[in-house]
Amino acid sequence: MTMRRISSSMSYHFKRTFPIVMFGAFSAALVAALLQRPVPVETVGVFAVAIVVGGVVTYRYLRDVLDEVYDDGDRLLVRNGGVEDTVQLRDVVAVDSARWRTLVRLTLTLSVPGKFGDKIVFLLRDTFLDGMPYGAPAQIKQLEDRIAALKRNSTGQQ
């Protein structure tokens, strides 16, 4: 089996480009509002709150998302910020997902912590219509089935 990417190619942009653009736009609007006379207090307040809420939400939901995750058969190759690690699928004890409209955030809990801790978090790729609007994408079920099969095979069960 050849290695294939299972994480979204947009992860980098969600983690780095989007916050810079968002904070830049809100900051520019805040400065423009502060330069007006008289200062529109409501407008300044709205942009200040938007900057704070945007920062908290971005930090909360994207800080632990990895840049790249590749499926390599019975293991995953994970990369983040130049650091690389290998995770054995048989070491995954839980698979959890959360959908944000068309994005699916997948969290793999590990029995053996690696370089990124005991959780591997990434955004799934190609989930635009897969499982919409309520079901889980087929990729998650396939991954769970492979993990279960690897665990059965490693314990000698059929």
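About how many helical turns separate D145 and K141 in helix α3? The two are 4 residues apart in α3 (residues 138-155), so about one helical turn lies between them. What you're looking at is a predicted model, where local features need pLDDT of at least 70, side-chain atom pairs count only at pLDDT 80 or more, and totals for chains, interfaces and linings use all residues. Residues are numbered from 1 along each chain as its sequence is written, and side-chain values use heavy atoms, with hydrogens and water left out.

- Helices here are DSSP runs of H or I with at least four residues, strands are runs of E with at least two, and both are numbered from the N terminus.
- Helix α1 covers residues 11-35, and its end C-alpha atoms sit 36 Å apart. That agrees with the 36 Å you'd expect for 25 residues at 1.5 Å a residue, where the expected span is 1.5 Å times one less than the number of residues.
- The helix has a bend of about 35° at T17, and the proline P19 follows within four residues. The bend is the angle between axes fitted to the seven residues ending at a residue and the seven starting there.
- P19 is also one of the buried residues of α1, along with S11, K15, M22, L30 and A33. Buried means under 20% relative accessible area, exposed means over 50%, and partly exposed is in between (1.4 Å probe, protein chains only).
- The cover over those buried residues includes α2 (41-62), β3 (75-80) and β7 (117-123).
- Look in the loop between α1 and α2 for P38: the peptide bond from R37 to P38 is cis, with omega near -10°.

**Salt bridges**

- The structure holds 10 salt bridges, each being a side-chain nitrogen of Lys or Arg within 4 Å of a carboxyl oxygen of Asp or Glu.
- E68 pairs up with R5, with the closest N and O atoms 3.9 Å apart. This one links distant parts of the chain: E68 is in strand β2 (residues 68-71) and R5 is in strand β1 (residues 4-5), 63 residues apart.
- R16 and D67 meet at 2.9 Å, N to O. They're 51 residues apart, with R16 in helix α1 and D67 in the loop between α2 and β2.
- R16 counts as partly exposed because its relative accessible area is 29%, while D67, at 11%, counts as buried.
- Back to the opening pair: the side chains of D145 and K141 form a salt bridge at 3.0 Å, N to O. An α-helix has 3.6 residues a turn, so residues three or four places apart point the same way.
- Both partners are partly exposed, D145 at 39% relative accessibility and K141 at 48%.
- Salt bridges that share partners also join R5, E68, R79 and E84 into one network.

- S111 is in strand β6 (residues 103-114) and is partly exposed at 45%.
- Leaving aside neighbours within four places in sequence, S111 is in contact with D91 and V93, where contact means heavy atoms within 4.5 Å.
- The C-alpha atoms of S111 and V93 are 6.1 Å apart, although 18 residues separate them along the chain.
- S97 lies in strand β5 (residues 92-100), and its 42% relative accessibility makes it partly exposed.
- Not counting residues up to four places away in sequence, S97 touches V104, R105, L106 and I140.
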